[in-house]
Amino acid sequence: MNRRFNLLDEPWLPVRLQDGQVCDLGLLEVFERAGEIAALAETAPPGLIAQYRLLLAIVHRALSRTQGRWTDADRARWYRQGLPAGAVRDYLEHWRERFWLFHPAQPFMQVAALAEAGETRDKQKPWAQISLASANGNAPVLFDHSCDLAPRPIAAADALRTLLGFLQFTPGGLVKVLRDADKAGALANTAAVMPLGESLAQSLCLALHPPSRAGHEDLPSWERDPPGLAQLRGEPTLASGPNDRYSRLTRAVLLLPDEQGRVQWIRFAAGIALAEDAQAPDPMASYRAGSHGLVRLSFAEGRAFWRDLPALLPDAEGLASQPAAVLGWAANLQFLLGGSEQPLLVAGLASDQAKLLRWRSERIALPAALLASPDCASELRRQVREAEELFADIRKLAAGMLADTLPDPSGKDTWARARSLFDAGPAPALYFASAERALGQVMALLGSGDPDDLDMADALWRRTLLTAALSAWQVVRDGSGRSPRALRADARFYPRLLARLRPLRPTPAVADKEARA
């Protein structure tokens, strides 16, 4: 295999410029124009996060090479004036030989040893093996028609972007080459968080991890020796730091280019397994309270992401949430800059063991005070919890009303069917969508720090939940029809709903205060 396709020069990284134009750039040009680039433009959420992580590892290693140690004041200066492009360019040129996608000895983010290993030398797999959006093996994907026996070739840039996302988000499971099974990627089943600035340079400053401690080197994969079969067969190892996590070869892959430089086939095996360390979680992973302690934040089907916003916010006791470390780094920088709001990208892939379920990306903007103040965060956490508790009560009352319209209303199976009817109907989505309309204003009031604004936020939220509850109940009522049985059921349960909603109605004093405001 000859040297072909160097990431420093070849256009492969999709970016959106400040004027809205989307184009592909090589790494050298990306960093030269980082202030002109608004954001990365990758459309696949796993690949988008993986590309940001690659750039962060490069910046961190470039600054470590020239700067040594740096502080938040340095980050603030780079945020205002731009990243030290010369240091990044010198670093990339120094390691240019390691950034060839097709290289006989050290292809970028791949394992050349698979070309000679007895287990893989004569075995090829379709490139869809590393695609999280393609049908391969026994994992069919709707609207994808990939065929393992005759995969369509893809461009080298597409193969590279696919590989980066796969290595970060691949779920654990059977591999059967070099090892029977393998560990998951660093972000498997994770809703990863990336703080965003007005330019790519600002985004990288916000999410840049602190310098490594003296005497400790956190090396990315391209600065390490080429992995051999013994390393691939070895036991899982802890990450040496974020750079290792951002570039870990969680699967051993070797792209096989054709004469035109396209990729149709690959070699594939178990990779350098990543062991999890509870004391050093992934910098982009947040944790929320579960039934048995904190669990990693992921995407759930049909669940609005704002319901999990408390997981991104600080908790003084550490029992309700553990926000991603990048949020703390961004909050520190916003404190120095005097920023009032922090936009966030939340993206990733949800999986159930080895089964891929869904991917999503969300963009939200949080007041900087919510990221920095546990007290403000506690107030928002309380309000989200109030919305969840109200929904649970509405669901129970609505299930009772629906059960009354069915044969054998008191039967256990009837109640289960009634709950299923409610869950499958429009009421849950309508309730949470209605509540979300006021969320931005509520968060802004909470983040202001003014006691009067806190009262206004509370009143606004209660009024919003009251409207959302009544709207949700109305669609359940409409779906039940106008039969005598349905009308009797509504007459029985509607007063109970009104009793539950009574605390949300404003008192005369509060109503008068709101009118004056």
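Two strands are said to pair if DSSP finds at least two bridges between them, and strands themselves are DSSP runs (E, at least two residues), as helices are (H or I, at least four), both numbered from the N terminus. The structure examined here is a predicted model, in which local features need pLDDT of at least 70 and side-chain atom pairs count only at pLDDT 80 or more, while totals for chains, interfaces and linings use all residues. Residues are numbered from 1 along each chain as its sequence is written, and side-chain values use heavy atoms, with hydrogens and water left out.

The open sheet contains 3 strands in the order S3-S2-S4, with antiparallel pairing. Strands S3 (22-25) and S4 (37-40) are at the edges and have a single partner strand each, so one side of each lacks a neighbour in the sheet.

Next comes the interior. In soluble globular proteins, nonpolar side chains tend to be buried together. A nonpolar core is a set of buried Ala, Val, Leu, Ile, Met, Phe, Trp, Tyr and Cys residues joined through side-chain atoms within 4.5 Å, where buried means under 20% relative accessible area, exposed over 50% and partly exposed in between (1.4 Å probe, protein chains only). The largest such core holds 155 residues, and Trp12, Leu27, Ile58, Leu92, Phe99 and Tyr431 touch the most other members. Helix H11 (residues 374-404) gives the most to this core, namely 14 residues. Beyond its neighbours within four places in sequence, leucine 92 is in contact (heavy atoms within 4.5 Å) with Leu8, Leu27, Leu28, Phe31, Ile58 and Phe99.

Rings of Phe, Tyr and Trp (its six-membered ring) pair if their centres lie within 6.5 Å, and planes under 30 degrees apart count as stacked, over 60 as edge-to-face and the rest as tilted. The whole structure contains 12 aromatic pairs. Phenylalanine 99 and tryptophan 222 form a tilted pair, because their ring centres are 5.4 Å apart and their planes stand at 50 degrees. Phenylalanine 99 is buried at 0% relative accessible area, and tryptophan 222 is buried at 3%. By contrast, tyrosine 431 and phenylalanine 432 are edge-to-face, with centres 4.9 Å apart and planes at 85 degrees. Ring pairs also link Trp306, Phe391, Phe422, Tyr431, Phe432 and Trp461 into a cluster.
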